[in-house]
Amino acid sequence: MRKRFKTPSKTSPKGGRRGCLCADNTYSIKCCDGSLQAQGIGRISSLETTPPNGTYGYKIQRCGHSQHKHIWGSQELVVGNVYYFDLVHAGHSNCYTVLQADNETSGFEWQSVTLYNDCTDCINNN
């Protein structure tokens, strides 16, 4: 039996935690092979999550934009500093200025942060 050609895709995932469409019309992470046929299932829940006790929460503003977010993580940050935030949720990582500490009950979790001198320096290095 000859193996069927699968059209490659730049946007279909390979591996990861999200399920992809299988040949039998079910979804599984085992079917994420990067082909067009194995498109990802996408987001099935809210991006914002509730921070656990013992974490730090902040309101941030994206460099060069008016967009604000509430974020949380395990590291204490300095209000007024610019950081590159690697956020847990794809598509939201970027350079942000920390505006204030806050106690929001939901927000985006960061995986790591990198301190920069200013927004220009951060944007040029990312």
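The following legends describe close-up views of a predicted model. Local features require pLDDT of at least 70 and side-chain atom pairs pLDDT 80 or more, while totals for chains, interfaces and linings use all residues. Residues are numbered from 1 along each chain as its sequence is written, and side-chain values use heavy atoms, with hydrogens and water left out.

**View A. The disulfide between Cys63 and Cys119.** A disulfide is a pair of cysteine sulfur atoms within 2.5 Å, and by this rule there are two disulfides. The sulfur atoms of Cys63 and Cys119 lie 2.1 Å apart. Cys63 is in the loop between strand 3 (56-62) and strand 4 (68-73), whereas Cys119 is in helix 1 (residues 119-124), 56 residues apart. Helices (H or I, at least four residues) and strands (E, at least two) are DSSP runs, numbered from the N terminus. The S-S torsion of this pair is about -70°, so the disulfide is left-handed. Cys63 is buried at 7% relative accessible area, and Cys119 is partly exposed at 22%; buried means under 20%, exposed over 50%, and partly exposed in between (1.4 Å probe, protein chains only).

**View B. The disulfide between Cys95 and Cys122.** The S to S distance is 2.1 Å. Because Cys95 lies in strand 6 (residues 94-101) and Cys122 in helix 1, the pair ties together parts 27 residues apart in sequence. With a torsion of about -90° about the S-S bond, this disulfide is left-handed. Cys95 is buried, at 2% relative accessible area, and Cys122 is buried, at 0%.

View C. Ser28 is partly exposed, at 22% relative accessibility. Neighbours within four places in sequence aside, Ser28 is in contact (heavy atoms within 4.5 Å) with Gly19, Cys20 and Cys22.
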